[in-house]
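Here's a quick tour for anyone opening this one up for the first time. Have the coordinates to hand and follow along.

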Amino acid sequence: MRTALSAVLAISVAGCAGHRYSPMRLVSHMFGPSPGALIGTVSSDEPQATLVGRDILQRGGNAADAATAMGLALSVTLPSRASLGSGGACLAYRPGDQNGGRAFMFLPVAGTVTAPDMPHADRPAAVPMLARGLYLMHLQYGSAAFSELVPDAIALAANGINVSRQLAGDLAAVQVPLLADPGIRAVFSRSDGKALAEGDALVQTHLSGALDQIRSMGVGDLYNGALGQSFVAGSQGAGGGLQMSDMRSAIPSERLPLSLSSGETQVAFLPPPADGGLGSAIAFRAASSSDAATRAQASIAAWRAQNGNHASGTGDDMTARAQAFVNGGGGSGGGLPSLPASTSFTVVDHSGMAVACSLSMDNLFGTGRMAGNTGIVLGASPARLPLPLFTAAIASQGRAFRAAAAGSGQNDAAAAVGIAMRQILAGQTPDAHPVTAQGRINAVSCPHGLPGDASTCAAATDPRGAGLAMGPR
């Protein structure tokens, strides 16, 4: 199965090049829910991405369709943390899934060229994994054609958006070094030379063209085709040093999640190399919230000391080793260095299918440079920076969905998800208590389970952030 999936992902996926997109069109079998129907719940750190996911659910898409569209929308609305150059990981679950669902790994991948080999590669870039990772997850769980989920992101890039509070804050934090790059400055600065502020218009014409090429030619075009060649040339011109061989060989993977039980409820967590999930599992089992934060970071540090600081290992054997590590109480490995920023989102549809994702550029705005005329902000290579904490969890009981949580917030992300999931399953509302200093969560809770009484479901985004949660109507 995985060999076949790798083959599918490694080739270009053909599309209808002559078809013009329309943000309101989905495949013909999607008629949308009846008026007043409960359609699902959506939460993310960026309001416009939440609205895109909500719109897909309203038009009859399932949770995987909505999550795919949200991830692509974030590449437009929050490129500081989730451009097409980013990487990440997702958990997906449908009622009745064994082992609590599946984990999809598309973490940042370093290129093969280093600065000594290419003198101008002064800011090594990561291989862009977002599109391929979302494609793999959608291939397994989605219901619409992938090409039908790209137009919303295209429209956001081409027509423009108003800069959100989150993006404005990220721009303000790094504007001096960021605007030193001409490509970045042309898109993300105002006429007075300062970075765009909250509410300013942001139009990304070149990025809309890249997204439209993915829509018409398939995801494979970014890794094997003309778009990939343009991206690689732009990467090399911007000091990223990527080659077409890097693009072709970076394939996302599908794995078993980590799993813990709480009474009759099973909780699945992202497995390593998304080791934030391991930390969340440790935090979920901790006796108190204060103890959870300390134990989560110490256990992740111990795991990294034993297994390397970057994504490594293949197959479910790593999950098995991580499961034994969690079952044994984790470890003590000191603290973690300052980790890169990330973002997260969750979505659940009316049938109880759920997806929870965590994404990162491995640095705010990645390398701080753009890949030529593709409009894609380059993610930073994990060869030089510590891996972010990618973390998400989904709880199920029998054949019913119960809760989902995904986290961001640098070093506290793992603890935030573990504590939030424990609180939700104890009957507290998911946004009741901010739980860590930096950790932020997006969460969905359905106390009566799905399929079932969806009217009691609630979506939440951390009240200290600038996100948006909607649902279930």
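Let's start with β1 and β11: residues 40-44 and residues 343-349 run antiparallel and are joined by 5 bridges. Gly40 has Asp349 of β11 as its bridge partner. Keep in mind that this is a predicted model.

**The sheet around that pair**
- Helix α3 (residues 63-77) packs on the sheet, where it touches β1, β11 and β12 (354-360), and its direction makes about 155 degrees with that of β11.
- Zooming out, the open sheet has 7 strands in the order β8-β3-β2-β12-β11-β1-β17, with antiparallel pairing.
- The edges belong to β8 (253-255) and β17 (468-470); each has a single partner strand, so one side of each lacks a neighbour in the sheet.
- On average, and with direction ignored, neighbouring strands here are turned by 10 degrees against each other.

**Strand β12**
- How many residues of β12 are buried? It's 7 of the 7, so the rest of the structure largely encloses this strand.
- Ala354, Ala356, Ser358 and Ser360 point one way from β12, while Val355, Cys357 and Leu359 point the other way, and all are buried.
- On one pairing, β12 runs antiparallel to β2 (residues 87-93), with 7 bridges joining them; Cys90 has Cys357 as its bridge partner there.
- β12 also runs antiparallel to β11, through 6 bridges, and Leu359 in β12 stands opposite Thr343.
- The hairpin of β11 and β12 has 4 residues between the strands, and Gly352 in this hairpin takes a positive phi near 100 degrees.

**Arg369, an arginine to click on**
- You'll find Arg369 in the loop between β12 and β13 (391-397).
- Is Arg369 buried or exposed? Its relative accessibility is 16%, and the cut-off for buried is under 20%, so Arg369 counts as buried.
- Its side chain makes a polar contact with the side chain of Asp122 (2.9 Å), and the Arg369 side chain also reaches the backbone oxygen of Ala238 at 2.9 Å.
- Leaving aside neighbours within four places in sequence, the contacts of Arg369 include Arg123, Asp181, Ile184 and Gly239, along with Ile376, Val377 and Leu378.

**The α13/α14 pair**
- The axes of α13 (residues 276-285) and α14 (residues 289-307) come within 8 Å and cross at roughly 140 degrees.
- That angle makes α13 oblique to α14, and the crossing is right-handed.
- From α13, Gly276, Leu278, Gly279, Ile282 and Ala283 meet Ala292, Arg295, Ala296, Ser299, Ile300 and Trp303 in α14.

Definitions and conventions. Residues are numbered from 1 along each chain as its sequence is written. This is a predicted model: local features need pLDDT of at least 70, side-chain atom pairs count only at pLDDT 80 or more; totals for chains, interfaces and linings use all residues. Side-chain values use heavy atoms; hydrogens and water are left out. Two strands pair if DSSP finds at least two bridges between them. Helices (H or I, at least four residues) and strands (E, at least two) are DSSP runs, numbered from the N terminus. Axes are lines fitted to C-alpha atoms, for helices over the stretch in contact, and angles run from 0 to 180 degrees between N-to-C directions. Contact means heavy atoms within 4.5 Å. Buried means under 20% relative accessible area, exposed over 50%, partly exposed in between (1.4 Å probe, protein chains only). A polar contact is a pair of N or O atoms within 3.5 Å; within protein, one must be able to donate a hydrogen and the other to accept it, and residues adjacent in sequence count only if both atoms are side-chain atoms. Angles under 35 degrees count as roughly parallel, over 145 as roughly antiparallel, 65 to 115 as roughly perpendicular and the rest as oblique. A crossing is left-handed if the near helix is turned anticlockwise from the far one by less than a right angle, and right-handed if clockwise.
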